[in-house]
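Hello,

Here is the structure for you to take over. My notes on it follow below.

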Number of protein chains: 4
Amino acid sequence: MTQRADLRVAVIGSGRMGADHVRRIQQTIKGARVTAVVDVDAERAKRVAAPIDGCTVSTDPLAALAADDVDAVLIASPGPAHEATLLAALERDLPVLCEKPLTPDAASALRVLEAEQALGHRRIQVGFMRRYDAEYVRLKALLRTGQLGRPLMVHNRHRNVASPPFFTSAMLISDSVAHEVDATRWLLGHEITAVTVLRPAPSANAPDHLLDPQFVVLETDGGALSDVEIFVNCGFGYQVQAEVVCERGTARIGDGHALVTHMAARWGGTIAQDYTERFADAYDREVQAWVDATRRGEVTGPGTWDGYAAAAVCEAGVRALEEGGRVTVELVDKPALYR
Amino acid sequence: MTQRADLRVAVIGSGRMGADHVRRIQQTIKGARVTAVVDVDAERAKRVAAPIDGCTVSTDPLAALAADDVDAVLIASPGPAHEATLLAALERDLPVLCEKPLTPDAASALRVLEAEQALGHRRIQVGFMRRYDAEYVRLKALLRTGQLGRPLMVHNRHRNVASPPFFTSAMLISDSVAHEVDATRWLLGHEITAVTVLRPAPSANAPDHLLDPQFVVLETDGGALSDVEIFVNCGFGYQVQAEVVCERGTARIGDGHALVTHMAARWGGTIAQDYTERFADAYDREVQAWVDATRRGEVTGPGTWDGYAAAAVCEAGVRALEEGGRVTVELVDKPALYR
Amino acid sequence: MTQRADLRVAVIGSGRMGADHVRRIQQTIKGARVTAVVDVDAERAKRVAAPIDGCTVSTDPLAALAADDVDAVLIASPGPAHEATLLAALERDLPVLCEKPLTPDAASALRVLEAEQALGHRRIQVGFMRRYDAEYVRLKALLRTGQLGRPLMVHNRHRNVASPPFFTSAMLISDSVAHEVDATRWLLGHEITAVTVLRPAPSANAPDHLLDPQFVVLETDGGALSDVEIFVNCGFGYQVQAEVVCERGTARIGDGHALVTHMAARWGGTIAQDYTERFADAYDREVQAWVDATRRGEVTGPGTWDGYAAAAVCEAGVRALEEGGRVTVELVDKPALYR
Amino acid sequence: MTQRADLRVAVIGSGRMGADHVRRIQQTIKGARVTAVVDVDAERAKRVAAPIDGCTVSTDPLAALAADDVDAVLIASPGPAHEATLLAALERDLPVLCEKPLTPDAASALRVLEAEQALGHRRIQVGFMRRYDAEYVRLKALLRTGQLGRPLMVHNRHRNVASPPFFTSAMLISDSVAHEVDATRWLLGHEITAVTVLRPAPSANAPDHLLDPQFVVLETDGGALSDVEIFVNCGFGYQVQAEVVCERGTARIGDGHALVTHMAARWGGTIAQDYTERFADAYDREVQAWVDATRRGEVTGPGTWDGYAAAAVCEAGVRALEEGGRVTVELVDKPALYR
């Protein structure tokens with residue numbers, strides 16, 4: 001908890017993803033701030049950087065990486081641009097968070113891998129954010145306990161409402177199933193050894209020539225299978241589901257419920273044991289909302305009137321408990337300040 | 001997103017709740033830091049403040065409120081101590097987040113209410129954190145749409161594994177049901193007009209003389225009922241559930257699923273439409289984990305090897321799609337750096 | 001399984017409920033047939049009895065009970081008519097299944113009780129059919145195991161889409177909550193000692209002057225509470241839900257899932273262990289459908305073509321298992337007989 | 001509803017399945033009775049037939065089929081014995097319900113198919129009982145409405161606690177997946193054109209040499225895929241699940257909930273609209289239980305005391321509604337007859 005200086009981050013790419021990361025770092029992430037925004041579209045970079053005091057703007061990632069006030073790099077530019085930026089960051093020994101894909105193909109990824117090895121220590125994190133999703137984290141933690149036995153199969157569903165106009169049949173694999181590729185490797189701790197892709201008759205709602213849905217079967221070096229339904233024009237919603245079938249039970253996420261297991265003749269999930277487990281996020285949001293409102297000079301949450309009303313009702317409640325019957329609650333008139 | 005100075009917060013009370021808020025502000029809350037920790041137990045305050053650069057420690061809330069480096073106050077001391085600190089903060093016109101209860105009884109709460117009115121503007125927020133819980137927020141938002149019609153009844157369940165040793169029968173109302181009192185007022189926008197408490201035969205698992213469970217019925221000035229099962233020695237878990245019964249349907253939270261409605265011949269919930277909705281928290285955690293690790297000089301997330309392996313599998317997948325059949329994946333040997 | 005003669009049943013009342021029981025006995029119930037239909041509306045009785053060989057029709061219950069070909073009586077006439085028929089049946093020592101209510105008030109019910117005692121053995125069953133609902137039966141069985149400890153509270157929900165035109169506020173109790181009265185007594189094995197009825201502001205969708213919904217709290221001689229939300233114009237569906245809160249856990253039915261428990265830090269339900277448990281009803285329906293179709297000279301289920309196609313696919317599947325890869329299925333042309 | 005003569009059924013095979021069908025026909029199925037039981041094990045047949053008046057026993061199916069008192073045949077003998085019995089039944093033009101498989105291989109099935117064609121009308125029903133399961137029936141009915149669009153994929157799970165000792169790897173296909181083969185054909189109305197079987201590393205809980213689990217992909221002439229996880233030693237329960245993915249949504253059964261759909265931004269299921277929908281089975285069980293008990297001279301259900309107690313509580317409830325407050329219930333002492 002020592003007060004270290006904030007991490008000064010250059011964000012490369014200021015499209016939807018990059019702009020969202022800029023907002024996230026400025027508004028949500030403790031211990032970091034954005035000091036540079038880079039985009040080939042200088043106007044876009046300017047708009048994104050505008051509200052941030054002292055944030056520079058440029059069109060050249062390499063110049064940004066060379067700046068004195070940059071400690072780390074977040075890459076959110078298009079995939080083909082990643083390799084050059086990654087290599088430059090490694091050259092300067094800068095820590096990197098690189099949105100997926102690392103690079104668009106195995107050969108270029110291998111060049112980055114070799115450059116990092118040459119550097120001699122790890123500097124690059126890839127943006128496979130499912131590893132940070134609360135449900136995936138609980139699923140992985142459960143697998144680690146060994147309660148369910150060895151994983152045999154993973155059934156994945158990955159559905160999007162509609163695909164963007166530029167989407168190709170190959171991108172269902174390289175852009176979408178890429179997430180299940182990483183999730184499978186991470187959940188099981190296996191490498192993938194073979195891939196089969198099955199092609200049902202495309203949905204009438206898929207754009208012409210797009211092979212959607214597809215059904216992909218991954219085989220792993222641990223002898224497991226991981227099948228993936230990828231359906232990017234399902235129309236009804238965005239769904240990411242995974243069920244791991246193990247020797248003694250299964251565990252499923254993405255189904256509305258946090259984590260549902262089937263084992264020992266029962267299905268179901270766990271119940272929180274404590275308010276800190278159930279309401280941890282609520283406390284975080286409460287205090288953040290209070291800090292944000294206070295810095296704007298406002299009070300937005302429950303106030304003194306609410307505290308007074310609760311006290312009056314509880315007093316009546318305790319009397320009702322002790323005396324039996326129905327007890328009425330008397331409140332003073334609500335002052336104008338609280339209306 | 002302009003870079004304002006951090007809010008400097010004095011935390012009054014460094015017990016479980018206070019210490020947790022100190023940790024929260026230092027590690028999670030953007031735009032704030034703790035500059036003073038106050039506790040009647042000076043040693044406890046010292047322990048909590050120790051890791052924080054420049055954080056003062058004292059046993060006197062009023063002295064802490066007078067310090068130059070204090071912009072706002074978070075009160076987490078025992079309820080009976082709240083009134084004095086609240087009045088002192090109002091005198092200095094300092095913003096306050098006060099853990100519930102505002103004060104332990106209606107008379108003292110009224111004095112605070114009058115002091116804030118005398119000041120002429122609102123400065124106090126009370127820690128009814130359920131208003132910030134994602135499930136309650138969605139429930140309130142749904143009620144606001146009017147889809148379900150006017151609320152008629154709320155059925156609440158509030159269960160704890162076991163009560164602490166000092167818990168009394170009256171505290172089931174004043175300490176526990178206090179949350180449902182506020183939640184009912186907030187969800188419905190009604191004031192509570194009468195209270196009835198029913199007392200079933202106590203559970204054998206309740207401590208001697210503790211009337212547990214209790215069943216409380218609140219009546220509101222909008223003609224609604226809100227019933228509360230409060231059961232603080234249920235043994236099996238911590239559960240907070242609420243079902244609002246409206247003229248055209250019901251909505252329920254706290255049941256594992258985020259928000260389940262019953263209306264128009266269907267039960268169920270909504271499906272996210274977008275990855276930002278489904279994975280917003282994962283992105284926040286990912287970037288926070290990266291920033292935290294980077295400031296410690298570490299890489300803890302998926303790295304270059306994971307990016308390379310995903311690229312190689314996706315390449316094989318695209319070939320499998322285009323050529324049909326099963327395609328094997330070839331990887332270089334995993335370098336020592338990534339083992 | 002000895003072949004006894006069928007029970008010959010007189011059905012008194014041929015309205016919706018009576019006609020449904022006639023259909024049930026003739027089409028579904030093994031070991032019984034209807035030999036008399038009685039109704040004050042002779043035309044209605046005739047229509048209901050018409051398809052049944054040898055079934056007599058009359059407007060006089062007492063004459064029907066005196067017939068030689070009547071072994072037992074099913075009473076489905078309006079409540080006020082029950083007492084006379086019940087007393088007549090007891091006089092003739094005939095077994096009775098009497099739709100609820102036994103009689104409309106306690107005084108008349110007491111007269112029937114006394115007549116049966118005078119007879120010296122039990123002859124009357126009352127139509128509280130929830131005791132035969134699979135979910136209630138499982139709930140009762142679970143309570144009996146003692147796993148959850150002693151029951152402390154029951155939370156009941158009873159919702160109808162809309163009330164019939166003749167419904168009065170009192171009928172929400174005497175006609176609807178009557179079911180929860182019996183269910184509470186049966187589930188807990190307690191008698192009810194006191195009743196409180198709370199009246200929220202009526203729904204705008206309730207007919208004028210109808211107090212709907214109501215919230216009823218029953219107290220039992222075992223110290224338990226049973227609360228009932230009765231809402232007969234909820235608009236969205238017919239729902240009957242019950243949650244029993246015990247010393248160590250809760251169990252809930254009526255929620256889509258068969259039986260959900262909360263205990264020992266987990267929520268969830270049981271998984272069938274066997275196909276006879278999962279598909280018992282399917283076998284019953286299959287054989288009944290086959291018998292019914294066969295008696296009509298038809299084949300309505302899966303036929304020889306389906307058996308052949310399954311055999312051909314399974315043969316291909318076994319080859320695919322043994323040889324690896326994809327195996328195509330060859331079928332003869334589908335003969336006209338099976339199209 | 002005309003009183004036809006009961007169908008007189010010869011049951012061929014009196015093992016677990018056959019004995020269960022005998023019990024079912026005698027106790028549950030309206031309009032049929034067993035007049036012959038045939039088994040190569042004469043003692044077993046005798047035990048099964050013993051409680052049935054006038055039921056003959058033999059070891060020769062063909063003799064049984066020739067008997068005057070046999071109208072129809074239920075075949076529950078081992079698969080290899082089916083062909084001869086089926087051909088004999090067709091020769092005598094007798095209706096048949098044949099447990100699956102029709103015959104063990106496509107060639108023999110084809111001979112039966114040709115014999116039935118030669119006869120010129122359909123006489124054989126195959127025991128694919130999933131077509132009669134309430135969940136499958138609802139799933140099929142939903143697909144027929146066209147709401148979800150054209151089916152693209154079916155994901156099936158078929159899990160058994162443990163396999164019997166004689167089970168072989170091929171039987172996972174021919175004995176177990178056979179059900180999904182029929183279910184896929186029936187749900188989609190497609191024929192299956194190709195099969196692929198994937199073999200993950202077997203579970204440590206599978207017997208030596210048994211390839212369990214397996215993952216089977218069926219392709220159909222309608223361009224759909226149907227994948228099947230077959231896992232016959234999963235240890236935790238018997239599960240049969242199916243999810244049909246269509247162009248505009250998905251529908252899933254076997255998951256505890258009756259039928260869950262995902263469409264139009266919502267997941268969930270339907271709510272019954274009426275007590276006949278919710279409690280139809282309870283009424284059937286109630287009346288059957290009453291008839292069975294009455295034929296034994298007993299009363300087993302809720303009796304006069306329960307009717308009286310309900311009347312007394314409802315009377316008190318109506319007073320509580322009308323007068324407000326808590327009303328106590330007065331009951332006479334419970335007579336010995338009802339204790």
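**Notes on the model**

Chain A has a mean pLDDT of 95, with 99% of its residues at 70 or more; pLDDT is the predictor's confidence in each residue, from 0 to 100. The model scores are ipTM 0.92 and pTM 0.94. This is a predicted model, in which local features need pLDDT of at least 70 and side-chain atom pairs count only at pLDDT 80 or more, while totals for chains, interfaces and linings use all residues. Residues are numbered from 1 along each chain as its sequence is written, and chains are lettered from A and ligands numbered from 1 in the order in which they are written.

Domains: chain A is assigned domain 1 (7-127), domain 2 (131-268) and domain 3 (302-339), with bounds from an automatic or database domain assignment. Between the C-alpha centres of domain 2 and domain 3 of chain A there are 52 Å.

Contact of chains A and D: 32 residues from chain A and 32 residues from chain D take part, where contact means C-beta atoms, placed from the backbone, within 7 Å. On the chain A side, strand 7 (151-159), strand 9 (214-220), strand 10 (225-231) and strand 13 (260-263) each supply at least two residues; strands are DSSP runs (E, at least two residues), numbered from the N terminus. Strand 10 of chain A gives the largest share of that side, 4 residues.

Regards

Methods
Two residues are in contact if their C-beta atoms, placed from the backbone, lie within 7 Å.
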